[in-house]
Amino acid sequence: MEKLNIGEIIKRHREIEEITQSELGKMLSVSNRAVSKWENGESYPSIELLKPLSSILNVSIKELLGEKADFRHMSFSFEPCRKMLSLKKLYTVARGPSSSHTIGPERASRLFKARNKDADKFKVVLYGSLGKFGRVFSVDSLIRSVFLPVSAEVVFDLDTENLPHPNTMKFTALKNGEITNEKYIISVGGGSVEVYGEDAAEGELVYPHSTFTEISAYCREKGIKLWEYVEEVEGKEIWDYLGNIWEVMKRSVKDGLETTGVLLGGLNVQRKAKFLFRQHYIDESHQTKENRLVCSYAFAVSEQNSAFAEIVTAPTSCSSGVMPAVLKYVSERREIPDEDILHAIATAGLIGNLIKTNASISGAVCGCQAEIGTACAMASAALAELYGLSIEQIEYAAEIAIEHLLGLTCDPIRGLVQIPCIERNAVAAMRAINAVNLANFLSDTRKISLDLVIKTMYETGRDISKTYKETSEGGLAKLYD
C-alpha cells in the first residue's frame with residue numbers, strides 16, 4: 001500500500017477543492033506558513049485539527065492519515081484513446097509474459113525517464129491488477145532496471161479503490177528530495193500506455209475511419225481490399241514493418257517447438273508444443289493432423305511467451321499464439337508467399353485496431369474475451385483474406401469468432417500466463433479456422449455486424465465481475481487446489 005505523507009494528501013485535496021493555502025489557514029485559524037510546512041513535510045497538523053481538516057477537504061480522517069487512497073476524491077476519470085492509430089501500435093515485438101503487466105510498465109518507465117532526465121530519484125506506485133501481480137512478474141526489478149543508474153522505489157498498492165483503470169501507475173520524479181514531476185500512466189492493453197491528461201493520438205498516425213461500416217463502405221466505393229486500405233493510410237513502409245512482425249511470429253513458433261522442460265512459476269507446467277508436433281500417426285486423417293499442428297504452433301508461441309521470450313503482441317502477449325498458429329499452418333499447407341501473408345496480417349490488424357479503439361483488448365477491463373476473443377477474430381479475418389473471401393465474408397468471420405467468445409473470463413491460476421492461457425490460445429486458433437469455414441457459406445444470411453458485436457463485447461466486459469478480470473479472485477484461479 002502506498003503510505004502517503006499527510007502533507008501530500010492535504011495538498012492534493014486542497015487543490016481539488018480549489019482552496020489556497022492562505023484560505024485553508026484562515027479556516028483552521030493557523031498561518032498559511034503552517035499549511036505550507038505540512039505540505040512540504042516539515043511538520044504535521046495537530047490531532048485536534050484532523051476533524052476540521054477532514055470536513056473542509058471532504059476526505060475521511062482515515063484517508064487523511066494515508067491509510068487508504070481513493071480516486072473518487074481526485075476528480076480522476078480515464079477514457080482510453082478512441083482514435084484508431086497505426087498498426088505499429090498494435091503489433092509490437094516484446095518479451096512476455098504479460099503485455100499489460102510487463103511490457104506496459106517497462107514502456108511507461110522508459111517514457112517517464114526520458115521526460116525527466118535531471119531527476120536523481122524516481123518512485124513508481126503500481127495499483128490494482130498491476131499492484132497485485134507485479135511481484136509475480138518481477139515488475140519491480142524490471143522498472144528499477146529501466147531507471148538505472150538512478151534509483152527507483154517501487155510500491156505495490158493493493159488497497160486503493162475506484163481506480164480509473166485496473167492497470168494504473170503513478171510515476172514521480174524527484175531532485176534533491178523535491179518532487180519535480182508526477183504523472184499517472186495507464187497500461188491500456190497490448191503493451192500500449194497512455195498518460196493521463198494527454199492525447200495519446202497527438203503526433204501519431206490516425207486512421208480517417210473508426211468503424212468497420214465506414215471502412216467497408218470506403219473500400220467498396222474505391223474498389224479496394226482491406227489491406228489496400230491499410231497501405232493507403234499507412235504508406236508502403238508498413239510492409240517492411242509487418243515483414244519483421246511475420247519473421248518474429250515464425251521464429252517464436254520454431255523456438256517453441258524446439259524447447260522442452262517446465263515453465264517457471266511453481267505450477268509445474270510442462271511444455272507440450274514439441275510433444276504435440278511429433279505425435280503424428282501413419283494413418284492420421286487430414287482433420288487430425290490439422291488440429292495437432294495448429295495446436296502445437298499455438299502452444300509453442302504461448303509457451304515462449306510464458307517463458308519471457310520474444311513474441312508479437314497480436315493483440316496482446318497473452319493471446320500471442322493464435323495468429324502465428326493459423327498463419328504458419330496455412331502458409332505451409334498452401335505454400336502461400338510471404339507477400340500474401342503480410343496482406344492477411346494487415347487485414348487482421350484492422351480488426352484488432354477496431355476492437356482496441358471501440359472496446360478494449362485488456363483482460364483487466366473486459367476479461368479474456370478482449371484478448372483471446374480479439375485474437376480469434378483477427379486470425380479469422382487473416383485467414384479469410386488468404387482464402388480470397390469478400391469484405392462481407394471477412395467481416396462475418398471476425399464477427400462469428402468474437403461473438404461466440406462473449407463473456408469469456410480471465411482467471412489465470414496464481415496470476416501466471418499458463419493455465420488456462422496457453423491451452424486457450426490453441427482452442428481459439430482452431431475456432432478461427434472454423435469461423436472462416438462457416439462465414440464462407442453463410443455470410444449472405446448474417447444479422448449481426450462486426451461493429452455491433454464489438455460494442456456488445458465492451459458492454460459485456462464492463463458488466464463482468466472484477467473477480468473474473470485478471471485478478472485471479474474467481475473461477476479456476478480461486479478453485480484450483
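## Contacts between helices α11 and α14

Trp 246, Met 249 and Val 253 in α11 meet Met 323, Pro 324, Leu 327, Lys 328 and Ser 331 in α14, where contact means heavy atoms within 4.5 Å. Helices (H or I, at least four residues) and strands (E, at least two) are DSSP runs, numbered from the N terminus. Helix α11 covers residues 238–257 and helix α14 residues 322–334; their axes come within 10 Å and cross at roughly 90 degrees. Because of this angle α11 is roughly perpendicular to α14, a label for angles of 65 to 115 degrees. Axes are lines fitted to C-alpha atoms, for helices over the stretch in contact, with angles from 0 to 180 degrees between N-to-C directions.

## Basis of the model

This is a predicted model, in which local features need pLDDT of at least 70 and side-chain atom pairs count only at pLDDT 80 or more, while totals for chains, interfaces and linings use all residues. Residues are numbered from 1 along each chain as its sequence is written, and side-chain values use heavy atoms, with hydrogens and water left out.

## Salt bridges

The whole structure holds 20 salt bridges, each a side-chain nitrogen of Lys or Arg within 4 Å of a carboxyl oxygen of Asp or Glu. One of them joins Glu 106 and Arg 110 at 3.0 Å, N to O. Both residues lie in helix α6 (residues 99–115), four residues apart, about one turn of the helix. Glu 106 is partly exposed at 25% relative accessibility, and so is Arg 110 at 47%; the term covers values between buried (under 20% relative accessible area) and exposed (over 50%), with a 1.4 Å probe and protein chains only.

Glu 198 pairs with Arg 115 at 2.8 Å, N to O. Glu 198 sits in the loop between β6 (192–195) and α9 (212–222) and Arg 115 in helix α6, so this pair ties together parts 83 residues apart in sequence. Asp 338 and Lys 250 form another salt bridge, at 3.7 Å, N to O. Here Asp 338 belongs to helix α15 (residues 338–358) and Lys 250 to helix α11, 88 residues apart. Salt bridges that share partners join Arg 115, Lys 183 and Glu 198 into one network.

## A nonpolar surface patch

Leu 438, Phe 441 and Leu 442 form a nonpolar patch on the surface, with about 310 Å² of accessible area together. Patch residues have over 30% relative accessible area and no salt bridge; like charges are joined within 9 Å, nonpolar side chains (Val, Leu, Ile, Met, Phe, Trp, Tyr) within 5 Å. Accessible areas come from the Shrake-Rupley method with a 1.4 Å probe, and for residues only the protein chains shown count as cover. Leu 438 lies in helix α19 (residues 421–442) and is partly exposed at 40% relative accessibility.

Conventions. Parallel < 35°, antiparallel > 145°, perpendicular 65-115°, else oblique.
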